[in-house]
Amino acid sequence: MKYLSKSLLGGIALAVFVSPAFARDITIDLAGEPSSLDPHMQWNPDSYYVYRNIFDNLVTRNNAGEIVPQIATDWEQKSDTELLLTIREGVTFHDGSALTPEDVVYSVKRITNPDFGSPQLGQFNQITDAKVVGDNQVSLTTAGAYPALMAQLVKLSIVPQKVVEEVGDEAFNTKPIGSGPYSFDNWKRGVSVTLKQNEDYWGAAGPFDTAIFRAVPDAATRVADLQAGTADLVVSIDADAGAQLSSNPSVKVLSAPTERVGYVGLNLDKPPFNDPAMREAASLAIDRLGITEGLLQAGEVPMAQMASPAHFGYDPGIALFEYDLEKAKEITAANPDLASTPAVLATAPVFDQRIVQAIQQMLNDAGFNVSISMTDMPTYLNIVRSDPSENSELSFGRWSCACQDADGITYPTLHSDSAWSRVNVPEIDVLLEEARTSLDPEVRRAAYSKVHQMVRENHYLLPLYQAAVLYGASADLEFEPTANESMFLNRMSIAN
């Protein structure tokens, strides 16, 4: 952090009579550039870290993981399909206009409009209507009972209707206006995004006047920046870097288990992974324990389901995958044409490339013909959401819904209606719909257990591990990592 005496700018005379005030800024090194700053248009860590400080959401989670008020101060479930929210008064957007219940309704309808094409649509499409009630309340209607609604509303950012309609979606993304504790200042493409403290924020704005989020794809450079004091907080470091930083008294390592699940996506419409036996061979070839304990070493845990212990709907009874390289080789040897079919493994700089390379090596050791394709994050996201005929055969991903409910991870990755899913299995669709519409927790758990078991038995995709998160921080920065990997500037502080 840089400390610049404002008294120097105010002149010597003022400095005589006024106690010096200190301007502070923070520089945060991310693994990549945000793909979007429109909160309704993207959902990836580098975008989320930045825009979540620009926008308020309907509700949020505190550091203990509890859902607490933000723009909605109170809520009441009026019936199985109606939720009534009371909207906070006295909140203004960064252009000075008041945040109104109409803005909340607009935000709901924008993100749930299929023509808008939000990548988060699958997480909000149970909402069928939103309307203003009285002076400061909003009623949300869902298609049926939706037990995960509050968990999903944690992610719903409120945008100003008038501004978005005046400037259009594209211009809004380049100069977003929210009501959060920090306002957008500038975006140097490929370099950094700068935010300024919102002095009129209704809540605590945090200790920084300026926050600079830099795109630094190389992890070693991020670590070097932290040690040199040119960055105050760096993300996505590995255990080796953590060990390196632990010997430096001017910095520290922060970590937490997350709700993020690392997995390998398989294109079920193209060879070789449209063949069930080849999918089984791929799963047998991957040494998940070797990845978590040999490579990552930061508290990651092997998983055989698209959920973690941080999610409602996680089933501890799902057996871990077997690692058996010789059995995998037997399968590929019996299917030489399929095994030799070129398969591209899509990845992006934000991911730990040691894992990607290890997966490639493990699969090729089993007899597959896998090459790696590294692209920037926006291109990668377009690839994994593309039509199956244009999609890569394999992709590495790490999914988090920040909702801590299995609906937020299983529905987008496994339901046939989701652009993120490569799976089209009617029985899984039915189970996922049952789980997201039943108010009976046991019915929901049973449905998710069946889904997890079907995914495991058929290898529709390959869950790998529950991720842990490691940050490097300057020694005087107080920041508590959470399971949903939020990075709220206004929850940070500076030690004396």
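Start with β18, which gives five residues to the lining of the largest pocket, the largest share. Keep in mind that this is a predicted model.

Now the pocket itself. The space in it comes to about 490 Å³. It has 27 lining residues, and the closest to its centre are Ser236, Ile237, Val350, Phe351 and Asp352. Which elements give two or more residues to the lining? They are α3 (45-54), α8 (219-228), α14 (353-365) and β18 (462-474). By class, the lining has 18 nonpolar residues, seven charged and two polar.

Next, His40. Where does His40 lie? In the loop between β2 (22-30) and α3. Buried or exposed? His40 is buried, because its relative accessibility is 0%, and the cut-off for buried is under 20%. The side chain of His40 comes to 2.8 Å from the backbone oxygen of Ser157. Beyond four places in sequence, the contacts of His40 include Ser107, Arg110, Ile111, Phe116 and Ser118. Pro119, Gln120, Leu156, Ser157 and Val159 are also among them.

Last, confidence. Mean pLDDT for the chain is 92. Residues at 70 or more make up 95% of the chain. Where does pLDDT stay under 50? Over residues 2-22. For that stretch the model has 18 contacts beyond four places in sequence.

Methods. Residues are numbered from 1 along each chain as its sequence is written. This is a predicted model: local features need pLDDT of at least 70, side-chain atom pairs count only at pLDDT 80 or more; totals for chains, interfaces and linings use all residues. Side-chain values use heavy atoms; hydrogens and water are left out. On a 1 Å grid over the protein atoms alone, a cavity is a set of points where a 1.4 Å probe fits but cannot get out, and a pocket is an open set with protein on both sides within 12 Å along at least five of seven lines; lining residues have an atom within 4 Å of a point. Grid points are joined across faces, edges and corners, and a volume is the space filled by probe spheres set on the points. Helices (H or I, at least four residues) and strands (E, at least two) are DSSP runs, numbered from the N terminus. Ala, Val, Leu, Ile, Met, Phe, Trp, Tyr, Cys and Pro count as nonpolar, Asp, Glu, Lys and Arg as charged, and the others, Gly among them, as polar. pLDDT is the predictor's confidence in each residue, from 0 to 100. Contact means heavy atoms within 4.5 Å. Buried means under 20% relative accessible area, exposed over 50%, partly exposed in between (1.4 Å probe, protein chains only). A polar contact is a pair of N or O atoms within 3.5 Å; within protein, one must be able to donate a hydrogen and the other to accept it, and residues adjacent in sequence count only if both atoms are side-chain atoms.
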